[in-house]
Amino acid sequence: MKPTRSHHFPSSPIYNKAMEILTLSRNISTYLVDDFVSCTKNNHEHPGIYFSGDIIQQSNSLAPEILKAESHPFQEDRMKHLASLERLTMSLTKNCDRLENFPSNGKDFLPILRKELKKFRKLQRNWMMTL
């Protein structure tokens, strides 16, 4: 017997975009961390390491917030997750700004993440109207 669609991960455009952003963030962060580690002097950590970790953590939280918002039957509960999603998106954008200020070859990939975040925000606005 063929498994039904409900046994797979959600296929909504906003969920798929969140997963793309997570993958992209992980790849960018890996590239940036390599640059930041090679830039360290006197055993001091480069401050960009924290921001590169933040983009992974924030990206990792997008999809679960989407699922939580979709699963709650009450509007008030959905709104809490929508607000959290807004904060995560804003934080991701701010951390891109911060990372672009550090000297790194990896910062060339940050405009790609920004572009995907812009698409995500557009999907998010449309998706919020359907909840």
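Mentor: Read from the N terminus, the elements of the protein chain run α-α-α-α. That comes to 4 helices and 0 strands. Here helices (H or I, at least four residues) and strands (E, at least two) are DSSP runs, numbered from the N terminus.

This is a predicted model, in which local features need pLDDT of at least 70, side-chain atom pairs count only at pLDDT 80 or more, and totals for chains, interfaces and linings use all residues. Residues are numbered from 1 along each chain as its sequence is written, and side-chain values use heavy atoms, with hydrogens and water left out.

Now the aromatic pairs. A search of the whole structure finds 2 of them. Rings of Phe, Tyr and Trp (its six-membered ring) pair if their centres lie within 6.5 Å; planes under 30 degrees apart count as stacked, over 60 as edge-to-face and the rest as tilted.

Take Tyr 31 and Phe 109. Their ring centres are 5.3 Å apart and their planes stand at 75°, so the pair is edge-to-face. Tyr 31 sits in helix H1, Phe 109 in the loop between H3 and H4. The pair links distant parts of the chain, 78 residues apart. Tyr 31 has 37% relative accessibility and counts as partly exposed. Phe 109 is partly exposed too, at 36%. The cut-offs: buried is under 20% relative accessible area, exposed over 50%, partly exposed in between (1.4 Å probe, protein chains only).

Then Phe 51 and Phe 102. Ring centres lie 6.1 Å apart with planes at 25°, so this pair is stacked. Phe 51 belongs to helix H2 and Phe 102 to the loop between H3 and H4, so the pair ties together parts 51 residues apart in sequence. Phe 102 counts as buried, at 16% relative accessibility.

For context, turn to the interior. Buried residues make up 36% of the 131 residues in the protein chain.

Follow Leu 113. Beyond its neighbours within four places in sequence, Leu 113 is in contact (heavy atoms within 4.5 Å) with residues including Ile 21, Ile 55 and Cys 96.
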